[in-house]
Amino acid sequence: MSRHDFGKECSVKVNRRTFIKGCTMAAAAMGLSEAMVPKLVEAAASDQRPPVIWLHFQECTGCTETLLRASHPDIGRLILDIISLDYHETVMAAAGHQAEEVLQETINKYQGKFICVVEGGIPTKDDGIYCKIAGRTAMDILADVAPKSMAVIAIGTCATFGGIQAADPNPTGAVGVRDLVKGTPVINISGCPPNPISFLGTVLHLLTFGKPPRTDALGRPLFAYGRKIHDQCERRAHFDEGRFAEQFGDEGHKQGYCLYKVGCKGPGTFANCPAVRFNDVGSWPVGQGHGCIGCTEPQFWDTMTPFYERLPGVDMPWGDGIVTGANSAGIKILGVTAAAVGIHAAVGIGKKIIGCGRCNTSSEDQE
Amino acid sequence: MRYEQHYAWSILLRLFHWSFALSIVVLVVTGFYIHFPWTNTLIEGETSFPVATMRYIHFIAGFVFTGAILARLYLLVFGNKQERFWDFLPVTPRNISNMFHTAKLYLYFTEEHRPRIGHNVLAGIIYIITFIMALIQMLAGFYMLYPESAAWQKWGLFFLGSQQQGRHLHFLIMWYFIIFAVAHIYIVIWNDIKTREGLISSIFNGTKYISSDNP
Ligand code: HEM
Ligand code: HEM
Ligand code: SF4
């Protein structure tokens, strides 16, 4: 390892070259022109850049992990370098009362100027007692911090749509940030976990332009969630030409054919995974041979499962709420209809045969 | 028994009926294929695009279907007497009694047929449900067809939920149309045999024959 590399690995701060490289990547992901890069760099390097408060609620810290453990440490460092992270339970040195003091101090000092990042769902049932930090419920903390920030970035599907704890039957009444925070802009970076570049791009956009990027109807930035996976997928040619993996490990799967028949949810999912990819090594789930599970969509645990089937089953209202495949439900009802038609016709013919005498006279009447 | 000829269905309604019915047949066949593309192209580099082609046909038929349903919505208000929705919904005492009577007739509780120039009210209710289903199906279809359009996204999210939920609903409503078609074709034939009013030919040529003995 050369001295230069060693120095790079050790330094907490990234060097200028990496810094500009990161800003350029984010600009590309946002579809901004190259000419914007100096502006992004300037905003990100400014001393007046807004501090960030990072709140953790019902979550697994996976979103933080993806940011910090990008295989190439540059992105993680870059983010830590660009944003001045004043409060983040996982990475901050302070703990206990000290940490809570920092939180209060930042909120008061930078009112209306800091960025609030939320990771994790917020339980609302029973006054939100199912998630407490420093004796306060997640609901209280959010209601305290979010309205004082310039913008809230909800990172991950838990913070955006409630995530796994909001899955049926949602025992803690978990919801996403947008359901609770009104009046402050909320930007949703959904995904389980989301791509660090989408987060970085959003932060840079906020720093540079002072306002959130354009979003879709669910509050997700269009630069990252404006297009379906299926419409950017490298296996799409196989889809159009009808070449499919019929099951995992078969010949079609080995050949890299489309994963539609093994339950890929790419046709119903908005995200930039095929374009931006993960871990700086150009990989993403479908590239690895596993169908998309639709993790950026609302209620994906309920609507995208079973993950290896095309569509979810149908909850039958009768019985104990039997779930059957959508197809077999349809076939059953069709069968009942056909039987009803058959019985109806048989009764008609039967009546005709039994009441033959009467029928004949009446039909003679008609003629 | 004497029969009088009555003009019941305008040309536009008959055009609606057949473009609607035929487009649905095409949509069900291609929709099933999109749901489960049972073929598997084994040779690479072939110039056949079965899935793309089936989707293309589905979309063309989808536009025919949409045109048909829009025409029918127009006729619901501006069509001739039989085509307007208040003629075949249980909104007047006469229509309500017709609804119960038709139910009895279909259950073989009575043999007495009370002729009407337009739809019987039981059928009318089912047709209105079918038009509503058609509108939902159309919305779900365009929601999936134009995923990047902000307008369709707004409506789709509001009425249907995410793309996946829209797809699921789109698939389930397909079964409604299949089941409707089976029941519809049966009951139309049944009525045609029973009443001898030329019901089936009326959807081709527009005229029905109503017995002048009981007006
Ligand atoms: C009675 C009418 C219709 C029926 C029975 C029908 C049926 C279906 C079915 C079964 C699917 C496959 C769903 C799945 O398993 O994922 C489908 C997909 C689709 N349909 Fe329809 N459909 C109808 C009308 C329409 C209309 C009016 C449109 C609008 C143009 C439309 C557009 C679409 C689109 C865009 C897809 C998704 C195709 C894909 O992503 O590959 N459909 N339809
Ligand atoms: C061989 C096939 C068919 C025949 C002979 C047929 C015949 C008829 C007849 C005679 C009527 C008028 C019945 C009445 O006055 O109540 C009618 C109405 C209707 N049919 Fe069909 N039909 C066929 C297929 C279909 C299919 C496949 C569909 C759609 C799935 C369909 C949808 C409708 C609708 C919506 C009406 C109501 C007309 C209106 O007022 O708009 N039909 N059909
Ligand atoms: S693998 Fe999934 S996203 Fe890719 S083309 Fe097939 S269905 Fe679409």
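Buried means under 20% relative accessible area, exposed means over 50%, and partly exposed lies in between (1.4 Å probe, protein chains only). This is a predicted model, in which local features need pLDDT of at least 70, side-chain atom pairs count only at pLDDT 80 or more, and totals for chains, interfaces and linings use all residues. Residues are numbered from 1 along each chain as its sequence is written, chains are lettered from A and ligands numbered from 1 in the order in which they are written, and side-chain values use heavy atoms, with hydrogens and water left out.

**View 1**
Helices (H or I, at least four residues) and strands (E, at least two) are DSSP runs, numbered from the N terminus. Contact means heavy atoms within 4.5 Å. Leaving aside neighbours within four places in sequence, Pro298(A) is in contact with Phe161(A), Leu218(A) and Thr303(A), and with Ser162(B) of the other chain. Now look for Thr160(A). Pro298(A) and Thr160(A) stand 138 residues apart in sequence, yet their C-alpha atoms are 8.1 Å apart in space.

**View 2. Chain A has 16 helices and 11 strands.**
Chain A holds 367 residues, and 51% of them count as buried. Take the contacts in chain A between residues at least 6 apart in sequence: 71% of these join residues at least 24 apart.

**View 3. Lys261(A) touches residues of both chains.**
Lys261(A) sits in the loop between helix H12 (251-254) and helix H13 (273-276) of chain A. Is Lys261(A) buried or exposed? Lys261(A) counts as buried because its relative accessibility is 13%. A polar contact is a pair of N or O atoms within 3.5 Å; within protein, one must be able to donate a hydrogen and the other to accept it, and residues adjacent in sequence count only if both atoms are side-chain atoms. The side chains of Lys261(A) and Glu246(A) make such a contact, at 2.9 Å. A polar atom of the Lys261(A) side chain also lies 2.6 Å from the backbone oxygen of Pro37(B). Not counting residues up to four places away in sequence, Lys261(A) touches Phe244(A), Ala245(A) and Glu246(A) in chain A, and Phe36(B), Pro37(B), Trp38(B) and Thr39(B) in chain B.

**View 4. Chain B and chain A bury about 4000 Å² between them.**
The size of an interface is often given as the accessible area lost when the parts come together. Buried area is the accessible area (1.4 Å probe) that two parts lose on being put together, summed over both. Here, 58% of the buried area is on carbon and sulfur atoms. Chain B gives 46 residues to the contact and chain A gives 48. A salt bridge is a side-chain nitrogen of Lys or Arg within 4 Å of a carboxyl oxygen of Asp or Glu. The interface has 2 salt bridges by this rule. One of them joins Glu111(B) to Lys351(A), at 3.9 Å from N to O. Between the two chains, 21 residue pairs are in polar contact, with both residues at pLDDT 80 or more. On the side of chain B that touches chain A, helix H1 (11-35), helix H2 (50-78), helix H5 (150-159) and helix H6 (163-195) each supply at least two residues. H6(B) gives the largest share, 15 residues. By class, this side of chain B has 27 nonpolar, 12 polar and 7 charged residues. Ala, Val, Leu, Ile, Met, Phe, Trp, Tyr, Cys and Pro count as nonpolar, Asp, Glu, Lys and Arg as charged, and the others, Gly among them, as polar.

**View 5. Ligand 1 lies between chains A and B.**
A residue is near a molecule or strand if one of its heavy atoms lies within 4 Å of it. Around ligand 1 there are 24 residues, and His35(B), Arg55(B), His58(B), Arg167(B) and His170(B) come nearest. An N or O atom in the side chain of His35(B) is 2.5 Å from an oxygen atom of ligand 1. For Arg55(B), the distance from a side-chain N or O atom to a ligand 1 oxygen is 2.6 Å. His58(B) faces a nitrogen atom of ligand 1 instead, at 2.7 Å from a side-chain N or O atom. The shell around ligand 1 has 13 nonpolar, 8 polar and 3 charged residues.

**View 6. Ligand 2 is surrounded by 19 residues.**
The closest are His17(B), Arg72(B), His119(B), Tyr127(B) and His184(B). A side-chain N or O atom of His119(B) is 2.5 Å from an oxygen atom of ligand 2. A polar side-chain atom of His184(B) lies 2.8 Å from a nitrogen atom of ligand 2. Which helix supplies the largest share of the shell around ligand 2? H1(B) does, with 6 residues.
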